[in-house]
Amino acid sequence: MAIAKAERLMNLALCLLGTRRPLSKRELRDSIEAYVEAFGPGRGAAGSDDSFNRMFERDKDDLRELGLVIETVESLDGEVGYLARRDSNRLPPITLDAEEAAALGLAAKVWQQARLAGAASGALQKLRAAGLPEDVDPYEPHSALEPRIPVHETAFEPLMLACRDRRPVVFDYRKATAARPEPRHVEPWALECWRGHWYLAGWDRDRGAERVFRLSRITGKVRSRGTAFTASVPDVVTVRETVASWAGENADRSALIRLRGGSGYPLRARATAVRELGDGWDELEIPYGHGLDAWLVEFGPDVVVLEPAELRADVVDRLRAVAKG
């Protein structure tokens, strides 16, 4: 069975690499002997079509896991086709010194998820085959630090794959000011982690503008759409800069808040001044910029805004919106 699957994957890869135009599922089904033997040529019974579609999707995912870049292209009549361009699947000569190899090894050890760990390990094996010096061990420890980037949101993996494959997605998203989530149609560009939270940057089709979404506010499943991007992807996606502006990183004003003792450590780390008030409360002075009200709401009853008055009003409005839900 393993040999048969390997042969099927090899034939599919050669077919996708050898074509000059995108091939539809039907054309691939008729061209690859293993598919013809298992399901017959052309369109068969509904059960046969369903079984073929499941096998094809698994095979396509397996090839992508092995590193083959497969493009999904939609024709003018709406039919979806697939191809693997040779220029996208050609690895140039690579020369790495010990420091560069160590950096790659460090990056490979960051991920805690099994799927990402396997992809990182496979990437290093390909680099070894492409010329990584045999006397360099990319996994050799060079520091007492053991890096980790936690990912708890179930939306992370489907969004990561959608960013990689340039596939639009649909998900339900709850804003900090909203009582209920609402559907968002997004062309995903990039994922970034900032201060322990993951964010997605992309083109919001409904609003016709670039938007950044916090993954922890995505509810339900992320559904992909087999259509092409309508907006160009920028060369540089400034996720962290956008989120930092929300949190007041570029603020030129200050806010005064009361914070319950033993809570709100991210706020304490940002504080420019701290004063104990007694009765289990502290008074903090923190930078005040756009989006600070949304951040303060997340700390719930542990935070009381003292000034300025407009910030206090914004926080109260957000809390009332949440309470109504």
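**Aromatic contacts and a β-hairpin**

In this predicted model, tyrosine 35 and phenylalanine 52 are both buried. A search of the whole structure finds eight aromatic pairs, and tyrosine 35 and phenylalanine 52 form one that is edge-to-face, with 5.1 Å centre to centre and 85° between the planes. This pair links distant parts of the chain, since tyrosine 35 belongs to helix α3 (residues 33-39) and phenylalanine 52 to helix α4 (residues 46-65), 17 residues apart.

A further pair is formed by tyrosine 173 and phenylalanine 213, whose ring centres are 5.1 Å apart and whose planes lie at 80°, so that the pair is edge-to-face. Here too distant parts of the chain are linked, with tyrosine 173 in strand β4 (residues 169-173) and phenylalanine 213 in strand β7 (residues 209-214), 40 residues apart. Tyrosine 173 counts as buried because its relative accessibility is 6%, and phenylalanine 213 counts as buried because its relative accessibility is 1%.

Tyr35 and Phe52 are also members of one aromatic cluster, together with Phe39, Phe56 and Tyr82. Arginine 29 lies over the face of phenylalanine 52, at 5.3 Å from the ring centre, and the charged end of arginine 258 sits over the ring of tryptophan 281, 4.8 Å from its centre.

Tyrosine 82, a member of the cluster, is the bridge partner in β3 of threonine 72. Strand β2 (residues 71-74) pairs with strand β3 (residues 80-83) in the antiparallel sense over four bridges. The two strands, β2 and β3, form a hairpin with five residues between them, and glycine 78 in the turn has a positive phi of about 90°.

Terms used:
Residues numbered from 1 in each chain as written. Predicted model: local features only at pLDDT ≥ 70, side-chain atom pairs only at ≥ 80, totals over all residues. Heavy atoms only, no water. Pairing = 2+ DSSP bridges. Phe/Tyr/Trp six-rings, centres within 6.5 Å; stacked < 30°, edge-to-face > 60°. Buried < 20%, exposed > 50% of the residue type's maximum accessible area, 1.4 Å probe, protein only. Lys NZ or Arg CZ within 6 Å of the ring centre and 35° of its normal.
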